[in-house]
Amino acid sequence: MARSSLPTISAGKGGLNRYLEEIRRFPMLEPQQEYMLAKRYSEHEDTGAAHQLVTSHLRLVAKIAMGYRGYGLPIGEVISEGNVGLMQAVKKFDPERGFRLATYAMWWIKASIQEYVLRSWSLVKMGTTANQKRLFFNLRKLKGKIQALEDGDLRPEQVTEIATKLNVSEEEVVSMNRRLSGDASLNAPIKAAEGESGQWQDWLVDDSENQETMLIQQDELEDRRGMLASAMDVLNDREKRIFKARRLSEDPLTLEELSGEFDISRERVRQIEVRAFEKVQNAVRKTAHDRAHSVQVVES
């Protein structure tokens, strides 16, 4: 199914509101309807069935995407990336496994969005350690738990609590909070068509109560925990040294310094750095794909 056949978020004021109104018109599917549509697509490549499966889950994508509003990225692009993950899930979904598409699709949606986040925020910008990446992906949730979602700096005791929970310094918490200060609450009011009004979260209804509970309890960090560390295993010793020194160091070494260390040209160091970064990205992408695929195995 082509991305162009899905609703899009138009630029300008009210674009997101209109998109949410539009996707809310697509009907939710009963389990038997979903099963028959999935069978039609898997057995006959019925694109009409695939379109119904995708459009009935666009609200799920929007709900997940809203959790990434604080990363300074265009929400339209975040939702679009999530929709790509949803379409991949529909293509690979096996209705005979006995569980709902939403349960399977949320892994693909999150993987697609998080890969977009990783592409948009360099490893250096995101931080240099696994704990700092935990902070990047989990700060908003922790702020919600301690009721610290108001704009501006956190109170000292809130900074201390978050730093302790995520094993990072208080300075890192303050810095990350300021960088992500563009966050918006799901409780923010919106004005819809035909005199309707409400909050963001009122427009983002999931397929079932069980799925809603699953999404609330799902820890975004746990989906990605250890992913970077595992990805680093694909590098040889020289690549790992250059990658860490250039991309993960608080005080990156220069090409000149590394060329002297390895007795190679600066251009060769640069080439190794670029190649190492590509290998890490590919490893992250493969891990995300494997996790999504494993859901079927576990649930079967």
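**Figure 1. The buried residues of helix 2.** In this predicted model, Glu34, Leu37, Ala38 and Tyr41 are the buried residues of helix 2. These residues lie on the same side of helix 2, because the arc they cover around the axis is only 100 degrees. Gln32 and His44, by contrast, are exposed on the other side of helix 2.

**Figure 2. The span and the end of helix 2.** Helix 2 comprises 14 residues, numbered 31–44.

**Figure 3. The salt bridge between Arg100 and Glu34.** The side chains of Arg100 and Glu34 form a salt bridge, with an N to O distance of 3.1 Å. This pair links distant parts of the chain, 66 residues apart: Glu34 belongs to helix 2, whereas Arg100 lies in the loop between helix 5 (75–92) and helix 6 (101–120). Glu34 has a relative accessibility of 3% and therefore counts as buried, the cut-off being under 20%. Arg100 is partly exposed, with a relative accessible area of 24%.

**Figure 4. The salt bridge between Glu239 and Lys279.** A salt bridge joins the side chains of Glu239 and Lys279, at 2.9 Å from N to O. The two residues are 40 positions apart and link distant parts of the chain, with Glu239 in helix 14 (residues 237–248) and Lys279 in helix 16 (residues 266–299). Glu239 counts as buried, at 11% relative accessibility.

**Figure 5. The salt bridge between Glu256 and Arg266.** The side chains of Glu256 and Arg266 meet in a salt bridge of 3.4 Å, N to O. Glu256 is in helix 15 (residues 255–262) and Arg266 is in helix 16, so that this pair, 10 residues apart, also links distant parts of the chain. Glu256 is partly exposed, and its relative accessible area is 47%.

**Figure 6. The chain as the setting of the close-up views.** The chain contains 16 helices and two strands. Of its 300 residues, 45% count as buried. The chain exposes about 15300 Å², of which carbon and sulfur atoms supply 48%. Among the contacts with a separation of 6 or more, 67% are between residues 24 or more positions apart. In the whole structure, 12 salt bridges are found.

How values were computed:
Residues are numbered from 1 along each chain as its sequence is written. This is a predicted model: local features need pLDDT of at least 70, side-chain atom pairs count only at pLDDT 80 or more; totals for chains, interfaces and linings use all residues. Side-chain values use heavy atoms; hydrogens and water are left out. Helices (H or I, at least four residues) and strands (E, at least two) are DSSP runs, numbered from the N terminus. The expected span of a helix is 1.5 Å times one less than its number of residues. Buried means under 20% relative accessible area, exposed over 50%, partly exposed in between (1.4 Å probe, protein chains only). The arc is that of the directions from the helix axis to the C-beta atoms. Contact means heavy atoms within 4.5 Å. Accessible areas come from the Shrake-Rupley method with a 1.4 Å probe; for residues, only the protein chains shown count as cover. A salt bridge is a side-chain nitrogen of Lys or Arg within 4 Å of a carboxyl oxygen of Asp or Glu.
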